[in-house]
Amino acid sequence: MKKFITAVLIIYASILFAQQKTIEQRVDSVLTLMTLDEKIGQLNQYSGGWETGVRTDNSVRDREELVRTGKVGSFLNVIGADLTRKIQKIAVEQSRLKIPIIFGLDVIHGFRSTFPVPIAEASSWNPKLVETSTRWQATEAASAGVHWTFAPMVDIARDPRWGRIVEGSGEDPYLGSIMAAAAVKGFQGNDLSANNTIAACAKHFAGYGAAEGGRDYNTADFSERTFHEIYLRPFKAAVDAGVATLMCSFNEIGGVPSSANYELLTKILRDDWKFKGFVVSDWNSIGELIPHGVAKDLKQAAELGIKAGVDMDMESNAYIRNLKTLVEEKKVSVQNIDESVRRILRVKFELGLFDDPYKYCDEKREKETEFSKEIVEATRKVARESIVLLKNEKNILPLSKEIKSVAVIGPLANSHEDPLGPWSGVSDSTHVVTVLDGVKSKLGAAANILYSQGCTITGTSEDGFKSAVESAQKADAVILCLGESLNMSGEASARASLDLPGVQEKLAEEIFKTGKPVVVVLMNGRPLTINWISENIPAVVETWFLGIQSGNAIADVLFGDYNPNGKLPVTFPRSVGQVPIYYNHKNTGRPYNPKDHYTSYYQDLQNTPLYPFGYGLSYSKFEYSNLSLSSSKIKNGEPLKVKVDVKNVSSREGEEVVQLYVQDLVGSVTRPVKELKDFSKVDLKPGETKTVEFTITPDKLKFYDINMNFTVEPGDFKVFVGTNSVDLLESTFSID
Ligand code: NOJ
């Protein structure tokens with residue numbers, strides 16, 4: 001009996017000990033059991049479903065056999081509680097070491113229930129909203145076996161030709177950093193092991209958005225200073241927010257492709273930023289070191305990738321086929337491989353997969369969660385706040401709900417596919433509320449709603465114009481829905497023109513001629529050059545791609561149930577010839593002066609954008625006054641308080657995004673004409689005034705000086721506060 005009690009106590013103690021072991025100890029204890037082959041298997045990721053990249057291997061893969069024999073550590077594009085459970089069961093019951101698989105997926109703006117595209121959500125200037133959105137996206141995906149999303153995409157983009165501008169938060173590193181941190185928080189929650197949180201992946205590390213000419217996958221080249229100040233900042237913010245993984249980018253910078261960039265993936269990311277998670281390659285990006293011209297074959301590509309710091313190989317087959325030989329030839333050390341395995345196992349432990357490999361595969365929860373009432377409601381809420389009102393002449397918006405007849409016209413008016421945007425592969429377009437649906441449900445049977453497509457998005461036929469014009473003539477107002485199709489932006493979807501495609505502008509001209517009040521509703525994945533529309537059409541609303549509740553959210557705004565307050569996170573050019581055009585540009589030695597020929601300008605176009613960064617209207621009107629600083633002179637290291645009064649001078653309650661910019665007037669290196677340093681969204685009742693206060697902390701004034709030290713330089717500064725990056729009050733201060 002005594003023996004029995006002792007045995008029970010020992011078992012109990014060892015269980016307790018196992019539970020009390022830190023993740024590091026548990027990772028190490030798994031690592032010591034692993035053969036080299038098993039380690040290399042952990043570094044290998046395949047698509048187990050559809051392709052989200054170039055075809056890399058023609059052999060038919062036996063998914064189950066790969067898992068059974070420990071040749072794969074992760075799958076992407078495998079979803080569903082049922083299927084993931086089936087595969088996980090093989091991993092934890094039939095593979096030698098029972099290491100669970102991590103399932104990844106591009107949950108970029110929703111899983112089944114599509115939310116607005118990221119550029120739209122960034123237009124809310126509301127990080128809490130982005131957190132709510134990504135929280136829901138994680139909840140829905142996690143119930144269907146997904147452990148890990150390849151999001152947020154935090155690439156800064158200053159070139160709207162680049163189709164992937166739709167996936168990020170626009171052109172500004174401060175706004176981009178705030179949104180990056182919010183999305184990481186939303187996806188990962190406070191506890192990665194909870195069954196409704198998933199690991200996030202900040203991508204594409206780095207500089208991918210600076211593709212020359214806006215052509216996807218193209219070379220990026222910029223100064224080290226610009227790299228740190230503009231492109232790396234949102235990644236740093238994601239790392240500081242605890243992001244579990246990063247994905248390296250396809251592009252090269254200064255001759256070094258990211259998948260072979262030791263300086264970036266090890267020195268900056270691990271040594272300087274202390275990142276503890278793992279780095280996954282982009283799809284075949286290790287294999288692409290060959291066409292890049294830095295590796296002669298896949299073996300050399302594998303060597304470059306693992307040594308640079310790419311832990312997991314997505315779809316190149318580089319590691320699985322070559323790492324063992326590279327170790328045998330002593331070109332790659334086992335310690336190097338161990339370090340990568342350790343990072344991957346750590347995330348698997350953090351997700352709780354070793355404790356319960358099936359915790360994300362719950363058919364009941366999956367059914368209850370997908371397209372649930374709460375998620376659908378959330379998509380509508382997020383969508384409304386993502387809308388930007390660009391023009392509202394004579395307050396033609398909001399339209400009256402008592403209106404007798406409305407014509408809903410245009411190729412996007414009743415499209416079920418396009419409002420989903422480019423990353424909506426696992427959504428379901430039957431859940432999409434189109435603008436036509438939204439207007440119908442807003443107005444009910446009392447109004448006569450006429451629909452006419454007018455033309456297709458890209459086609460050249462004007463055959464539909466006649467019936468569209470007739471519909472307009474019969475109506476009291478026209479809602480004209482124009483823009484791009486969902487596949488005109490996103491990956492590999494660059495455009496050389498930023499105009500409305502096809503004959504859409506011509507359609508707008510014909511509808512305009514009817515003399516009816518016209519509202520243009522834009523749906524698009526990038527800033528468009530909409531000069532004619534913006535000059536002639538009295539009301540213009542930018543809606544990007546808003547997801548499944550598009551039509552309801554748009555109708556809420558058009559008929560005044562929601563007062564728009566979005567602001568552009570990216571500049572709208574007048575012409576593609578102005579690109580790159582962004583608000584935080586340098587002054588140059590010859591800023592434009594109309595009286596002097598030898599200054600920086602175009603002979604055939606203004607320098608200014610069509611709509612500046614930070615721009616967006618509301619049905620309310622706001623007035624700014626009394627900009628004041630806590631001091632006009634501070635000591636280096638001291639904070640400065642900035643106050644401004646914002647008054648709602650209209651009869652409608654509304655929200656305003658108050659923006660703070662700073663210019664460092666003289667530096668050891670040139671500084672931008674202004675930089676966003678803070679913002680705050682305030683709600684104001686009619687007639688109400690609020691004093692908005694910002695604190696400029698010393699950190700906010702730091703930049704990379706002539707010696708690349710990140711520091712504040714004493715001197716004179718300008719402070720600007722206002723409603724967008726152009727219409728601003730200003731003041732000055734200096735630092736001793
Ligand atoms: C390639 C894309 O660049 C990346 O963003 C995505 O996550 C992967 N394909 C996986 O689908």
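Two strands count as paired if DSSP finds at least two bridges between them. In this predicted model, S5 and strand S6 (residues 245-248) meet that condition, with 3 bridges in the parallel sense. Ala202 has Leu246 of S6 as its bridge partner.

These strands belong to an open sheet of 3 strands, ordered S5-S6-S9, in which the pairing is parallel. Strand S5 (201-205) and strand S9 (278-280) are the edge strands, each pairing on one side only. On average, and ignoring direction, neighbouring strands of the sheet are turned by 25 degrees against each other. Helix H11 (residues 262-272) lies across S5, S6 and S9, and runs at about 155 degrees to S9.

## Mixed five-stranded sheet

A second open sheet has 5 strands in the order S18-S26-S25-S20-S21, and its pairing is mixed. Its edges are strand S18 (633-634) and S21, each of which pairs on one side only. S18 runs parallel to strand S26 (residues 728-735), and 2 bridges join them. Ile634 stands opposite Ile735 in S26.

Helix H14 (residues 318-328) has as its buried residues Ala318, Tyr319, Asn322, Leu323, Leu326 and Val327. Seen down the axis of H14, these buried residues fall within an arc of 140 degrees, so they line one face of the helix. An α-helix has 3.6 residues a turn, so residues three or four places apart point the same way. The cover over the buried residues of H14 includes helix H3 (36-42), helix H13 (298-308), strand S10 (313-314) and helix H15 (334-350). After H14 comes Lys330, whose phi is positive, near 60 degrees.

The axes of H13 and H14 come within 9 Å and cross at roughly 85 degrees. Since angles of 65 to 115 degrees count as roughly perpendicular, H13 and H14 are therefore roughly perpendicular to each other. On the H13 side the contact is made by Leu298, Lys299, Ala302, Glu303, Gly305 and Ile306. H14 contributes Ala318, Tyr319, Asn322, Leu323, Thr325 and Leu326 to this contact.

## Helix H17

Helix H17 (residues 373-385) has 13 residues, which at 1.5 Å a residue should span 18 Å.

Buried residues in H17 are Ile375, Val376, Ala378, Thr379, Val382, Ala383 and Glu385. Among the elements that cover them are helix H6 (118-122), helix H7 (127-142), helix H16 (363-369) and helix H22 (550-558).

## Leu412 in its loop

Leu412 sits in the loop between strand S12 (405-409) and helix H18 (435-443). Its relative accessibility is 0%, so Leu412 counts as buried, the cut-off being under 20%.

Leaving aside neighbours within four places in sequence, Leu412 is in contact with Asp418, Ile457, Cys481, Leu482, Gly483, Glu484, Gln504 and Met523. Of these contacts, Gly483 is 71 residues from Leu412 along the chain, and the C-alpha atoms of the two are separated by 7.0 Å.

Definitions and conventions. Residues numbered from 1 in each chain as written. Predicted model: local features only at pLDDT ≥ 70, side-chain atom pairs only at ≥ 80, totals over all residues. Heavy atoms only, no water. Helix = DSSP H or I, 4+ residues; strand = E, 2+ residues; numbered from the N terminus. Axes fitted to C-alpha atoms, helices over the stretch in contact; angles between N-to-C directions. Contact = heavy atoms within 4.5 Å. Expected span 1.5 Å × (residues − 1). Buried < 20%, exposed > 50% of the residue type's maximum accessible area, 1.4 Å probe, protein only. Arc of directions from axis to C-beta. Parallel < 35°, antiparallel > 145°, perpendicular 65-115°, else oblique.
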